[in-house]
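Here is a short tour of a protein chain for you to follow on screen. Please keep the viewer open as you read, and pick out the side chains as they come up.

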Amino acid sequence: IGSEDIGQSNFDFHFFGSLRHNLPSGLVITGTFGLEFDETTIPTTKFDPLTGKTETGSESDRETAVLIAGGIVYPLPSGLSIVSELNLRTEGDYVLLTGGLDYKLVAGGRLRGVIGLGLDDGVPNFAFQFGYFMGF
């Protein structure tokens with residue numbers, strides 16, 4: 001299904017859960033635990049010295065990783081909060097430190113925008129993330 005060039009036929013599944021705990025000081029600590037199942041397509045090249053031809057193809061590789069994250073939310077009186085989180089993944093040398101703002105909407109959801117700083121080789125040097133959160 002889809003184009004092999006961009007990995008459309010790969011199957012990825014991520015599951016995570018998060019908890020928040022309000023401290024008496026008003027500060028909120030957060031924790032996240034997740035499992036990630038990723039399939040990647042690796043291009044291969046084989047050279048046949050007898051014919052002098054090069055054959056290209058691809059192989060699938062599957063990885064399972066654990067995500068562990070911890071963070072702090074500092075609420076301000078205006079419905080705005082300052083957020084920071086450290087994300088660690090067991091595969092791919094992934095350590096990401098994020099910081100940004102979280103805004104509580106009147107309808108009950110939250111908008112969040114953060115800037116990430118990659119602290120290891122397997123993560124981009126900088127990341128920009130935006131999201132909408134709805135509690136239940």
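**Strands and charges**

Strand β3, covering residues 53–75, is where you will find E63. This is a predicted model, and E63 belongs to a negative surface patch that it forms with E59, D61 and E91.

**Overall form**

- The protein chain has 7 strands and 0 helices, so its order from the N terminus reads simply β-β-β-β-β-β-β; its radius of gyration is 20 Å, well over the 14 Å that the globule rule gives for 136 residues, so the chain is more spread out than a compact globule.
- Along the principal axes, the C-alpha trace spans about 75 × 30 × 20 Å.
- Of the 136 residues in the protein chain, 20% are buried.

**The negative patch**

- Four residues make up this negative surface patch: E59, D61, E63 and E91.
- E63 has a relative accessibility of 35%, so it counts as partly exposed, because that class lies between the 20% limit for buried and the 50% limit for exposed.

**Salt bridges between strands**

- How many salt bridges does a search of the whole structure find? The search finds 4.
- One of them joins R89 to E36, with the closest N and O atoms 2.9 Å apart. This pair links distant parts of the chain, as R89 sits in strand β4 (residues 80–89) and E36 in strand β2 (residues 28–48), 53 residues apart.
- Are the two partners buried or exposed, or something in between? R89 is partly exposed at 25% relative accessibility, whereas E36 is buried, with a relative accessible area of 7%.
- Another salt bridge pairs E39 with R62, and here the closest N and O atoms are 3.6 Å apart. Again the pair links distant parts of the chain: E39 lies in strand β2 and R62 in strand β3, 23 residues apart.
- E39 is buried, its relative accessible area being 13%, while R62 counts as exposed at 62% relative accessibility.

**A salt-bridge network**

- D102 and R112 bring their side chains together in a salt bridge, at 2.9 Å from N to O. Here too the pair links distant parts of the chain, with D102 in strand β5 (residues 94–104) and R112 in strand β6 (residues 110–118), 10 residues apart.
- D102 counts as buried, at 0% relative accessibility.
- Which residues are linked in a network of salt bridges? The network links D102, R110 and R112.

**A loop residue**

- Where does N125 sit? N125 is in the loop between β6 and β7 (126–133).
- With 56% relative accessibility, N125 counts as exposed, because the limit for that class is over 50%.
- N125 and T44 lie 81 residues apart in sequence, and their C-alpha atoms are 28 Å apart in space.

Definitions and conventions:
Residues are numbered from 1 along each chain as its sequence is written. This is a predicted model: local features need pLDDT of at least 70, side-chain atom pairs count only at pLDDT 80 or more; totals for chains, interfaces and linings use all residues. Side-chain values use heavy atoms; hydrogens and water are left out. Patches are made of residues with over 30% relative accessible area and no salt bridge: like charges are joined within 9 Å, nonpolar side chains (Val, Leu, Ile, Met, Phe, Trp, Tyr) within 5 Å. Accessible areas come from the Shrake-Rupley method with a 1.4 Å probe; for residues, only the protein chains shown count as cover. Lys and Arg count as positive and Asp and Glu as negative; His and the chain ends are not counted. The place of a charge is taken as NZ of Lys, CZ of Arg, CG of Asp or CD of Glu. Helices (H or I, at least four residues) and strands (E, at least two) are DSSP runs, numbered from the N terminus. Buried means under 20% relative accessible area, exposed over 50%, partly exposed in between (1.4 Å probe, protein chains only). The radius of gyration is taken over C-alpha atoms; the globule rule is 2.2 Å times the number of residues to the power 0.38.
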